[in-house]
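Visitor: I would like to learn how to read a few features of a protein model. Could you take me through them one at a time?

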Amino acid sequence: MPELPEVETVRKLLEPVVKDEEIADIVVYKKRIIQGSTDVFINTLRGRHFRNISRIGKYLIFHLDGNLVLLSHLRMEGKYIEIGPEDPISRFCRVLFIFKSGKRLCYDDSRQFGIMKLTDEDHFLMEKELTNVGPEPFVIDKDYFYQRLHRLKKSVKEAILDQKIMTGLGNIYADEVLFATHIHPETPACTLSRSQTDDIVASSIHILHEAIAAGGSTIRSYHPSKGIDGHFQNTLQAYGREGEKCYRCGHIMKKIRVGGRGTTYCPYCQINPTKPIVVGITGPVASGKSLIAKIFSEAGFVVFNSDHAVRELYDDADFKNIIAEVLKTNITDSEGQIDRRKIGIIIAENSQKRKAIEQLIHPLVRKKLEEMIAHSSAPFLVAEVPLLFESGFDDLMQYVVGVTTETSKQIEFLTNRGSDVDLSLSLNASNKFSRYEKKVDYLIINLFSQEELKANVNKIILDIKSSRQ
Ligand SMILES: [Zn+2]
């Protein structure tokens, strides 16, 4: 979807194309693009001259003689294409303007979400499309902006995307502005200081100006017959950079969903002051996760252990029945307690049953973790989750520490622990950690002494803690 800078670029490029052209005729191929009567639209505009084009938010405002105004919103895929008198019309031409000069202008829109509306100079600002549009960052009153955000419990990302409060930032530039201002996208808008909201305005102006300038320069090598559609390349610092290194600090950029929108941010540069920093520890069975969690705990991190969370579930009478139903087997021991070993054997042998159990357990464990994150007043939290990526918990973590070891070490750990080595290793076959190794922020290869492990983990802890300073 074109954002404000792209629409501004379209405006600048389109204005000289239509300026002073007299409309000889209009062909409407798709009536749904036109708001109101198509006949009135055509008959009123016939014989009129385009003058200039202005813009409010993402609306293009064509001013014509006779006091007329044409509002146009490109939505997802709308674009204007100039064609000569003999050229075929474009593939998705929905509205065709034929000028007296012979020049023609296609409004092309494959998705047909764009709109055009005829109004006049006295009324266009009162059209509902435009009254719902807040001020642009270039002109916004900073007191007003702070006061509006100060009353909002929702996240700053949602607040700055709300075009009624301020218009101009779409999903791409919202991520860019929050990155530039070091603000975590989930920070509640009401907790922002006045200097932070001022920063957002200043940064929005700067980023939009740069994008407008970049759009203008890209277009020079752009063939006009391909259309003026506002999809330009920009140099982006945050948007679309998930999994890549932050240009500022080198940590891996994360992607989460905020208010339903994909959101990329740096977990190190953009800290949410109202939430703990959550570190996930993951890796195959008996690779040393618990030991690492213990070192984090000693450094003041509050620990969430997903195995304990599962055990708590097993203690629940209702849950016992559900599990038995899913596995279609009695899974309690002689004392009526859940026999975890029995479940282990069943799911090690039957991948379908294993999947069913995981689909049942993962959302419940996730809920427990989410509750802990929401209610914890601790600044740092560590969560030990064996199937962290498989279960999709990684979006809850600012950092993931991955740990691997060699099979011989695993067997040694399991034997020392008194576990059933064969069963544990076969259960671990579905742990696809090696596939996710590249996604972790810190990788520990646990082959050495406990002292060395401790030294390695403490280095990581220092790095993570420094993001809160
Ligand atoms: Zn960073």
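Visitor: What distance separates the centres of domain 1 and domain 2?

Guide: Domain bounds come from an automatic or database domain assignment, and here they give domain 1 (4-131), domain 2 (142-233) and domain 3 (277-466). The centres of domain 1 and domain 2, taken over C-alpha atoms, are separated by 27 Å. This is a predicted model, in which local features need pLDDT of at least 70 and side-chain atom pairs count only at pLDDT 80 or more, whereas totals for chains, interfaces and linings use all residues. Residues are numbered from 1 along each chain as its sequence is written.

Visitor: At what angle do helix 9 and helix 12 pack?

Guide: Two packed helices are described by the angle between their axes and the distance between the axes. The axes are lines fitted to C-alpha atoms over the stretch in contact, with angles running from 0 to 180 degrees between N-to-C directions, and helices are DSSP runs (H or I, at least four residues) numbered from the N terminus, as are strands (E, at least two). Helix 9 (residues 306-314) and helix 12 (residues 351-375) pack at about 110°, their axes 10 Å apart. Helix 9 is therefore roughly perpendicular to helix 12, a term for angles of 65 to 115 degrees, while those under 35 count as roughly parallel, those over 145 as roughly antiparallel and the rest as oblique.

Visitor: Which residues of helix 9 and helix 12 meet?

Guide: Ser306, Ala309, Val310 and Leu313 in helix 9 meet Ile361, Leu364, Val365 and Lys368 in helix 12, where contact requires C-beta atoms, placed from the backbone, to lie within 7 Å. An α-helix has 3.6 residues a turn, so residues three or four places apart point the same way.

Visitor: Is Asn67 buried or exposed?

Guide: A residue is buried if 20 or more other C-beta atoms lie within 10 Å of its own, exposed if 12 or fewer, and partly exposed in between, with C-beta atoms placed from the backbone. Asn67 is exposed, with 11 other C-beta atoms within 10 Å; this residue lies in the loop between strand 4 (59-64) and strand 5 (68-73), and its phi is near 70°, a positive value in a residue other than glycine.

Visitor: Where is Lys328 placed?

Guide: Lys328 is in the loop between helix 10 (317-327) and helix 11 (340-349). Although not a glycine, Lys328 has a positive phi of about 55°, and with 10 C-beta neighbours inside 10 Å, Lys328 counts as exposed.

Visitor: How many residues of helix 6 are buried?

Guide: Helix 6 (residues 171-180) is mostly covered, with nine of its 10 residues buried, among them Tyr173 and Phe179.

Note on methods. Two residues are in contact if their C-beta atoms, placed from the backbone, lie within 7 Å.
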